[in-house]
Amino acid sequence: MSDQIRAFKMQLKPGVVAEYKKRHDELWPDLAEALRGAGIYDYSIFLDESTLSLFAVLKLKPGMPIDELPTLPVMRRWWDYMAPLMEVEPDNKPRQWDLPSVFHFAG
């Protein structure tokens, strides 16, 4: 079973790019540990400055409990912390749109 790659987009609100970046630069150690514990070993978020769309790519070890991540208190606190900056669901989970892979090159 090989590692998985997941990609999705999220949406920032206007005027919050610097704060969004600052909060991620200061990622809580307990959240980083929760991400690792869920099997995430590589996670990047990119910004399209013209639309404020965020493009996220994460690499996940197979067979890890990624689906449990939303139930963790630290994840819920992070969502509440980030909710003023982005489009969210009623529970403050960031709205996410999964992006299907259409091309991959590994050379």
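This dialogue covers the aromatic pairs and ring contacts of a predicted model.

Me: How is a pair of aromatic rings described?

Reply: A ring pair is described by two quantities, the distance between the centres and the angle between the planes. A search of the whole structure here finds 4 aromatic pairs. In one of them, Trp28 and Trp78, the ring centres are 5.0 Å apart and the planes stand at 90 degrees, so this pair is edge-to-face.

Me: Which parts of the chain does the pair link?

Reply: Trp28 is in the loop between helix 1 (17-25) and helix 2 (29-37), while Trp78 belongs to helix 3 (residues 73-82). The two are 50 residues apart, and the pair links distant parts of the chain.

Me: Is Trp78 buried or exposed?

Reply: Trp78 is buried, at a relative accessible area of 6%. Trp28 has 22% and is partly exposed.

Me: What are the distance and angle for the rings of Trp28 and Tyr81?

Reply: Their centres lie 5.3 Å apart with the planes at 35 degrees, so the pair is tilted. Tyr81 is in helix 3 and Trp28 in the loop between helix 1 and helix 2, so this pair ties together parts 53 residues apart in sequence. Tyr81 is partly exposed, with a relative accessible area of 29%. Together, Trp28, Trp78 and Tyr81 make up one aromatic cluster.

Me: Which residue lies over the face of Tyr81?

Reply: Arg23 does, at 4.1 Å from the ring centre. Elsewhere, Lys9 has its charged end over the ring of Trp97, 5.7 Å from the centre of that ring.

Conventions. Residues are numbered from 1 along each chain as its sequence is written. This is a predicted model: local features need pLDDT of at least 70, side-chain atom pairs count only at pLDDT 80 or more; totals for chains, interfaces and linings use all residues. Side-chain values use heavy atoms; hydrogens and water are left out. Rings of Phe, Tyr and Trp (its six-membered ring) pair if their centres lie within 6.5 Å; planes under 30 degrees apart count as stacked, over 60 as edge-to-face and the rest as tilted. Helices (H or I, at least four residues) and strands (E, at least two) are DSSP runs, numbered from the N terminus. Buried means under 20% relative accessible area, exposed over 50%, partly exposed in between (1.4 Å probe, protein chains only). A charge sits over a ring if NZ of Lys or CZ of Arg is within 6 Å of the ring centre and within 35 degrees of the ring normal.
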